[in-house]
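Hi,

Here is the structure I promised to pass on. Have a look at it first, and then read my notes below.

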Amino acid sequence: MLHMICCVKQVPDPETPASQFKVDEAAKKVLPAPGIDPVADEYAILGVEAALRIREALGEAKITILTLGPEAARDSVKKALAMGADEGVQLTDKAFEDGDSFATARALAAAIKKMEPFDIVFCGRQAPDWDVGVTPSVIAELLGLPCVTRACEVKVSDGTLTVERVLMDGFETVEVRLPAVVTISNELGEPRYPQLREIMAAARKPVAAWSAADLGLDPSQVGAAGSVLSLDRLYVPVQEAQCEFIEGETMEEAAEKLATKLREAKLI
Amino acid sequence: MANESGVLVVAETAEGAVAAITLEVLGAARRLADKLGQPVQAALLGQGVEPLAQGLIAAGADKVYVVDQPILAEYQTDAFVPAVEKVCREANPSIVLLGQTDVGRDLGPRLAFRLGTAVAMDCLDLAIGDSRLVMTRACYGGNANAQHTCKTMPQMATVRVKSQEPLAPDASRQGQVIKVAVDIDPAAVRTKITGRRKEEAEGIRLEDAEVIVGGGRGVGSLDGFQTLTELADLMKGAVGSTRAACDAGFCSVATQIGLTGKVVSPALYIAVGISGASQHMAGLSGAKNIVAINKDPEANVFRYCRYGIVSDWKAVIPPFLNKVRQLRAG
């Protein structure tokens with residue numbers, strides 16, 4: 001039976017209005033916006049959706065959710081289980097925290113190896129907190145696998161993956177033999193929304209917790225200790241534009257004033 | 001490896017010429033190298049690309065490592081990664097730079113891994129501080145900036161399109177061209193490209209447009225986008241959009257501007273029915289003048305604007321279009 005592992009991350013809600021986005025510069029961390037809960041990375045959730053579509057096409061498959069994060073990240077695992085995944089694994093050791101993409105990939109790759117045999121590892125194209133998009137490629141390097149990025153459609157047939165992926169100026173179709181790592185882009189479409197019954201069933205699905213020791217990793221190899229890219233500053237850049245609001249007796253007048261100003265500025 | 005020296009740029013080619021992003025990255029490389037007192041190197045990979053080496057020297061490179069082999073005709077991870085790795089080991093640079101492009105996003109992380117180092121992606125700014133590379137990149141959807149340094153060598157970064165100035169090309173610049181042969185087993189290439197289709201919006205390329213009319217979900221319909229297209233055509237510009245407008249089916253993904261879309265640098269960007277979510281504004285980091293029309297006076301987009309009108313766009317764009325037509329005719 002095909003085994004697919006979906007890496008899911010919990011992040012501050014990307015829909016947080018800019019006016020409520022605040023950074024603690026001393027701690028180099030984002031301050032959680034009051035009343036706005038963290039969410040599961042939308043691209044990673046599409047990875048779960050891609051796995052579920054493959055399962056539907058094949059009739060059966062095993063889907064495991066893997067997450068690295070604090071205990072609260074369990075909510076993202078539960079959401080993926082409610083969508084239809086079978087079981088979860090959480091890496092919640094403090095040693096895993098604050099790693100750069102390479103240190104994080106080391107922990108995830110070790111966990112994935114521990115879950116062998118597997119056929120596909122799904123990740124989101126980039127997590128909407130750091131927006132980096134490096135971890136999946138490094139997981140692939142560590143496991144000696146090919147990695148196909150920004151997939152908008154994924155099909156499996158006879159041990160071969162056919163992926164349609166998004167390029168900067170179009171699309172490309174790629175074939176690769178399993179096992180492989182695939183990252184998913186929003187063009188895949190809409191993820192399914194679990195019904196209450198499925199949410200309740202998810203509570204009974206097993207979620208294991210693994211530490212660095214469980215993965216045979218020394219704390220110096222993962223998290224902040226295992227990172228070579230240091231975060232020296234995190235700050236909100238100041239927007240310097242001073243907007244001149246154009247008004248008029250009618251909107252028509254305002255529109256014409258705007259056109260005239262832009263013409264005077266030689267912009268049109 | 002020790003005694004690393006040099007700022008190495010992994011060059012990209014497009015349609016038989018050096019890609020614009022490479023010229024931009026070479027400009028940045030030259031400025032960094034001059035501060036460090038180190039040379040600028042370039043890695044030029046492909047098939048039939050050797051003649052382009054001179055162009056890289058004119059754009060700032062002191063040494064060009066050329067790997068010209070049929071297996072490199074098209075970018076494939078498993079062919080390019082070992083080839084660029086070999087060049088890097090031979091050149092022994094202290095810094096490696098790539099463009100944040102389809103190639104850079106794929107090659108950067110894997111090359112960094114093979115060289116035992118890390119890479120900072122999509123950097124907006126590169127500087128030298130205490131002889132180290134200081135890399136600034138946007139994160140949290142463009143809401144925040146992060147500044148990084150790397151503890152290992154070479155220090156690596158991918159560079160955002162249109163964030164760096166290229167040098168004025170100097171055909172009289174001298175440089176060295178070094179040919180490198182790499183042994184790549186075709187059987188080692190694990191991915192097979194079986195199809196490709198370009199999907200470019202008609203008319204002027206967004207990345208080149210001096211005037212862009214951008215539509216958000218607030219435009220409301222395909223017809224709405226038709227009106228924006230009419231305006232863009234009149235101003236000899238291009239039409240852009242937000243991810244929300246694309247997801248709603250009002251426009252083609254080829255028009256999407258933002259963190260996961262295109263990065264543009266027009267002299268004028270007119271944002272119509274766009275709230276100004278940072279993920280969209282991240283694609284406008286190069287826009288010189290932003291004007292917005294939005295019903296909501298508190299819309300985030302106004303923080304980036306030179307001019308704004310608070311209104312339903314349908315009351316503003318048609319008379320704006322007519323006035324522009326009049327001004328251009330007169």
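Two strands are said to pair if DSSP finds at least two bridges between them. Helices (H or I, at least four residues) and strands (E, at least two) are DSSP runs, numbered from the N terminus. This is a predicted model, in which local features need pLDDT of at least 70 and side-chain atom pairs count only at pLDDT 80 or more, while totals for chains, interfaces and linings use all residues. Residues are numbered from 1 along each chain as its sequence is written, and chains are lettered from A and ligands numbered from 1 in the order in which they are written.

Let's start where the chains meet. Strand E11 (residues 170-177) of chain A pairs with E12(B) in the antiparallel sense, over 7 bridges. Within that pairing, Lys192(B) is the bridge partner of Glu175(A).

Across the whole interface, 66 residues of chain B are in contact (C-beta atoms, placed from the backbone, within 7 Å) with 63 residues of chain A. E12(B) gives the largest share of chain B's side, 8 residues.

Now to helix H8 (residues 313-329) of chain B. Its buried residues (20 or more other C-beta atoms within 10 Å of their own, with C-beta atoms placed from the backbone) are Trp313(B), Val316(B), Ile317(B), Phe320(B), Lys323(B) and Val324(B). Seen down the axis of H8(B), they fall within an arc of 135° (taken from the directions from the helix axis to the C-beta atoms), so they line one face of the helix. These residues pack against several elements, including helix H6 (251-264) of chain A and helix H5 (222-234) of chain B.

Enjoy exploring!

Conventions
A residue is buried if 20 or more other C-beta atoms lie within 10 Å of its own, exposed if 12 or fewer, and partly exposed in between; C-beta atoms are placed from the backbone. Two residues are in contact if their C-beta atoms, placed from the backbone, lie within 7 Å.
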